Amino acid sequence: MSESGKAATLGWVFVGGMGGTALRWVAEETWPAHDGQWPWGTFVVNLVGAFILGALLEGLARLGGDVGWRRRVRLAVGTGFCGALTTYSAFALEISLLGRGEHYGMAIGYAVVSVAVGVLLAFSGVQAARRLLPLEGESA
């Protein structure tokens, strides 16, 4: 990859990352985490990100190869936006803090529900893209 290609790649990821970071900040301000309570902000952004990423990657794959505008969208929305929106480091920290506060049931429930619902939403995103977008070369 050329130097200008590398710079463009970083640029697309950066632009998407700004959007994801801003939306995550809004979510964390809207639903701040408090000791012993369900961390709604992180929970919501991780689930939204799982659905978007599932739909995006399936949709882009159905539309063709990872080149041109599809690569730019994948970099900006998938890597940048979803990468900055979702936060599995905060997820892990919140589980740890719930455990340290002796909220073991909530810590286990938060971990299990987040992963299970996240997988279901990623699968739902894939299914939504399959319903909405024809495979490359197929008519709708």
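Against which helices do the buried residues of helix 3 pack? I looked this up in the predicted model and found that they pack against helix 1 and helix 2.

**Entry 1. Helix 3.** I noted that helix 3 covers residues 68-85, 18 residues in total. From its first C-alpha to its last it reaches 24 Å, which is close to the 26 Å expected at 1.5 Å a residue. I then looked for bends and found a kink of about 25° in helix 3, centred on Arg74. The buried residues of this helix are Arg70, Leu75, Ala76, Gly78, Gly80, Phe81, Cys82, Ala84 and Leu85.

**Entry 2. Nonpolar cores.** I next asked which residues form the largest nonpolar core. It has six: Phe43, Leu47, Phe91, Leu98, Ala107 and Tyr110. At least two residues of this core come from each of helix 2 (40-63), helix 4 (88-100) and helix 5 (104-132). Another core, of five residues, lies apart from it; Ala27, Val45, Phe81 and Cys82 are among its members. I recorded the general background that nonpolar side chains tend to be buried together in soluble globular proteins.

**Entry 3. Tyr110.** Is Tyr110 buried or exposed? I found a relative accessible area of 0%, so Tyr110 is buried. Leaving aside residues up to four places away in sequence, I listed its contacts as Trp38, Pro39, Thr42, Phe43, Phe91, Glu94, Ile95 and Leu98.

**Entry 4. Aromatic pairs.** How many aromatic pairs does a search of the whole structure find? The search returned seven.

**Entry 5. Arg62.** Lastly, I turned to Arg62, which lies in helix 2. Its relative accessible area is 12%; the cut-off for buried is under 20%, so Arg62 counts as buried. What does the side chain of Arg62 reach at 2.7 Å? I found the backbone oxygen of Leu133 at that distance. Arg62 also touches Ala129, Arg130, Leu133, Pro134, Leu135 and Glu136, with residues up to four places away in sequence not counted.

Terms used. Residues numbered from 1 in each chain as written. Predicted model: local features only at pLDDT ≥ 70, side-chain atom pairs only at ≥ 80, totals over all residues. Heavy atoms only, no water. Core = buried A, V, L, I, M, F, W, Y, C linked by side-chain atoms within 4.5 Å. Buried < 20%, exposed > 50% of the residue type's maximum accessible area, 1.4 Å probe, protein only. Helix = DSSP H or I, 4+ residues; strand = E, 2+ residues; numbered from the N terminus. Contact = heavy atoms within 4.5 Å. Phe/Tyr/Trp six-rings, centres within 6.5 Å; stacked < 30°, edge-to-face > 60°. Expected span 1.5 Å × (residues − 1). Bend = angle between axes of the 7 residues up to and from the residue. Polar contact = N/O pair within 3.5 Å; in protein donor to acceptor, adjacent residues only side chain to side chain.
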